[in-house]
Amino acid sequence: MSTRIAFLKGHGTENDFVIVPDPENAIDLSPAAVAALCDRRAGIGGDGVLHVVRSAAHPEAREMAAEAEWFMDYRNGDGSVAEMCGNGVRVFARYLQHAGHVAEGDLTIATRAGVRTVHLAKDGDVTVGMGRARLPEGEVTVTVGERSWPARNVNMGNPHAVAFVADLAHAGDLYTAPPVGPASAYPDGVNVEFVVDRGPRHVAMRVHERGSGETRSCGTGACAVAVAAARRDGTDPAVTGTPATYTVDLPGGRLVITERPDGEIEMTGPAVIVAEGEIDADWLARVLG
C-alpha cells in the first residue's frame, strides 16, 4: 500500500461521507479504520464511509457485476456494515461522475440491498430507484423517556421504525438509540424515524441511524417515512392505482419521495462533493495501533 490514500468528502442533504476510491478492493477498511476516519474531532469526520469498489473485485458484489460496474461498500460511522444508504447512493453516483467514470443520465450501482438504478440530472439533483418497501407484520413500539408511540415497521433494504409524533422535540437528544420493542422485530438493530406533519403530503422528520446516532438526513429513512405516511393517509398506490409523492423535510434539507403503483420507490435530492485530498497512512497506522 502507498503511504497515502486518496479520499473525498461529500454529502447529500448534509448526511456526510468520507469517500475512499479503491477500484480493485486493495485497501483493508477494518471497522476501527472506518471509525477513525469518521471521527469528527480526530479524523476526517462523517456519518459513514463510501468505499468505492468495482463489483467484480468484491466478493459480496461479483454476482452483480454484469448489471452494475461499481459496488457501494457502505459502512456506518462506527465501522459496522450497512445494507443500504439512500443519501450515500446519491453521493456515490456524484463521485463516479466527478471522477469521470460516468456521465449525466442513467447508471446502475450495486449495494448489499441489490442493484439500484440512478439518474444524474442536468440540474444537479440525483434520483435513485430505491426498490420496493417491505412491511413486516407485527406491532412495534418506540419509546423516549416516559412517552411511547406505535411505529410502522418498514424495510427499505435496511430496517426502520417510523413513529408519528406531535412534536419533533419529543424525540429527545437522540444521542443514544431509542428503545424499540419487541427486540425480536429488529435482531440487527434499527433506524428510528420521528415524524410530524407539515401539510398535505408534506412531513418533517428526525432520525437516529443505527451505528451513527442522529444524522442530518437519511435517504432510506425518508422513503420509509413516505411509505408509512401513505399507508396512514389512505394513499397506498397499490390500492389507489396512482403514484403517491411526499415531500420530506430533514434537518439537512429536503427530499422528494414517490411510490408507484407497482411498489417501486424513487428518491430525488441533491448530492455534493466538497473536498478531496489524501489520508496519511502513517496516521491511520498510529490510530489503529
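**Helix, cores, rings and spaces**

Tutor: In helix α1 (residues 31-38), the buried residues are Ala33, Val34, Ala36, Leu37 and Cys38. Buried means under 20% relative accessible area, exposed over 50%, and partly exposed in between, with a 1.4 Å probe and protein chains only. Helices (H or I, at least four residues) and strands (E, at least two) are DSSP runs, numbered from the N terminus.

Student: Before we go on, what kind of model is this, and how are residues numbered?

Tutor: It is a predicted model: local features need pLDDT of at least 70, side-chain atom pairs count only at pLDDT 80 or more, and totals for chains, interfaces and linings use all residues. Residues are numbered from 1 along each chain as its sequence is written, and side-chain values use heavy atoms, with hydrogens and water left out.

Student: Fine. What covers the buried residues of α1?

Tutor: The cover includes β2, β3 (48-54), β4, β18 (272-280) and α5 (281-288).

Student: Take Leu50. Where is it, and is it buried or exposed?

Tutor: Leu50 sits in strand β3. Its relative accessible area is 0%, so it counts as buried.

Student: What is Leu50 in contact with?

Tutor: Contact means heavy atoms within 4.5 Å. Leaving aside neighbours within four places in sequence, Leu50 is in contact with Phe17, Val18, Ile19, Val20, Met72, Asp73, Tyr74, Gly88, Val91 and Phe92. Pro21 is 29 residues from Leu50 along the chain, and their C-alpha atoms are separated by 8.2 Å.

Student: And Ala169, buried or exposed?

Tutor: Ala169 is exposed, with a relative accessible area of 54%. Its place is the loop between β10 and β11 (180-181). Ala169 and Phe71 are 98 residues apart in sequence and 37 Å apart in space, C-alpha to C-alpha.

Student: On to cores. Which residues touch the most other members of the largest nonpolar core?

Tutor: Ile109 and Ile257, out of 50 residues in that core. Helix α3 (residues 219-233) gives the most to this core, with nine residues. A nonpolar core is a set of buried Ala, Val, Leu, Ile, Met, Phe, Trp, Tyr and Cys residues joined through side-chain atoms within 4.5 Å.

Student: What does Ile109 touch?

Tutor: Not counting residues up to four places away in sequence, Ile109 touches Ala68, Trp70, Met72, Val89, Phe92, Ala93, Leu96, Gly114, Val115, Arg116 and Val118.

Student: Switching to rings. How many aromatic pairs turn up?

Tutor: A search of the whole structure finds two. Rings of Phe, Tyr and Trp (its six-membered ring) pair if their centres lie within 6.5 Å; planes under 30 degrees apart count as stacked, over 60 as edge-to-face and the rest as tilted. Phe17 and Tyr74 are edge-to-face, 5.9 Å centre to centre with 80° between the planes. Phe17 is in strand β2 (residues 15-21) and Tyr74 in strand β4 (residues 70-76), 57 residues apart. Both Phe17 and Tyr74 are buried.

Student: What about Trp149 and Phe194?

Tutor: That pair is also edge-to-face, at 5.8 Å centre to centre and 80° between the planes. Trp149 lies in strand β9 and Phe194 in strand β12 (residues 191-199), so the pair ties together parts 45 residues apart in sequence.

Student: What is the volume of the largest pocket?

Tutor: About 230 Å³. Grid points are joined across faces, edges and corners, and a volume is the space filled by probe spheres set on the points.

Student: And what lines the largest cavity?

Tutor: Tyr74, Asn76, Ala82, Met84, Cys85, Asn158, Asn191, Glu209, Arg210 and Thr220. The volume of the largest cavity is about 70 Å³.

Terms used:
On a 1 Å grid over the protein atoms alone, a cavity is a set of points where a 1.4 Å probe fits but cannot get out, and a pocket is an open set with protein on both sides within 12 Å along at least five of seven lines; lining residues have an atom within 4 Å of a point.
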